[in-house]
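Colleague: I am new to reading models like this. Can you take me through some features, one at a time?

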Amino acid sequence: MWPDWLESFRQARNDGMVLATVSQCKRGAVELGIYETSALLLELGFVAASDITLEAALCKAHGSSRSPDLSQEEVEETYQRALVGEQSSSLFLTKYHSRLEA
């Protein structure tokens, strides 16, 4: 049963689906690769969405799906980037242009 279930995730990722992990804990962030189970998720192509709430993750998914120009990799990067304070940590820095640069 488990190998088939895990294979469904691998197939979903290969079909272009973004697999993001979120936590239901009030504190703490999802970090893939630290424990054996999470290392398997990382191997399957999941991305860690830090400490984002399920509701914010759904909003990110909805917003990303409405942008057909984004590649699967760009959407995965978006899940790891704090865009508007929806998560406390970010693997990337978001650069904002000043009015003088625009």
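Modeller: Start with E76. Buried means under 20% relative accessible area. E76 has 8%, so E76 is buried. Keep in mind that this is a predicted model.

Colleague: Which residue forms a salt bridge with E76?

Modeller: R13 does, and the closest N and O atoms are 2.8 Å apart. E76 lies in helix α4 (residues 72-79) and R13 in helix α1, so the pair ties together parts that are 63 residues apart in sequence. R13 counts as partly exposed, at 21% relative accessibility.

Colleague: How many salt bridges are there in the whole structure?

Modeller: A search finds four. Another one joins K60 and E86, with the closest N and O atoms 2.7 Å apart. K60 sits in helix α3 (residues 54-65) and E86 in the segment after α4, so this pair ties together parts 26 residues apart in sequence.

Colleague: Are K60 and E86 buried or exposed?

Modeller: Both are buried.

Colleague: Where do R10 and E7 lie?

Modeller: Both lie in helix α1 (residues 2-14), three residues apart, about one turn of the helix. R10 is partly exposed at 30% relative accessibility, and E7 is partly exposed at 37%.

Colleague: Now the surface. Which residues form a nonpolar patch there?

Modeller: V22, L54 and L58, with about 250 Å² of accessible area together. V22 lies in the loop between β1 (20-21) and α2 (36-44).

Colleague: And the chain overall?

Modeller: There are four helices and two strands. From the N terminus, the order is α-β-α-β-α-α. Of the 102 residues, 28% count as buried.

Key
Residues are numbered from 1 along each chain as its sequence is written. This is a predicted model: local features need pLDDT of at least 70, side-chain atom pairs count only at pLDDT 80 or more; totals for chains, interfaces and linings use all residues. Side-chain values use heavy atoms; hydrogens and water are left out. Patches are made of residues with over 30% relative accessible area and no salt bridge: like charges are joined within 9 Å, nonpolar side chains (Val, Leu, Ile, Met, Phe, Trp, Tyr) within 5 Å. Accessible areas come from the Shrake-Rupley method with a 1.4 Å probe; for residues, only the protein chains shown count as cover. A salt bridge is a side-chain nitrogen of Lys or Arg within 4 Å of a carboxyl oxygen of Asp or Glu. Buried means under 20% relative accessible area, exposed over 50%, partly exposed in between (1.4 Å probe, protein chains only).
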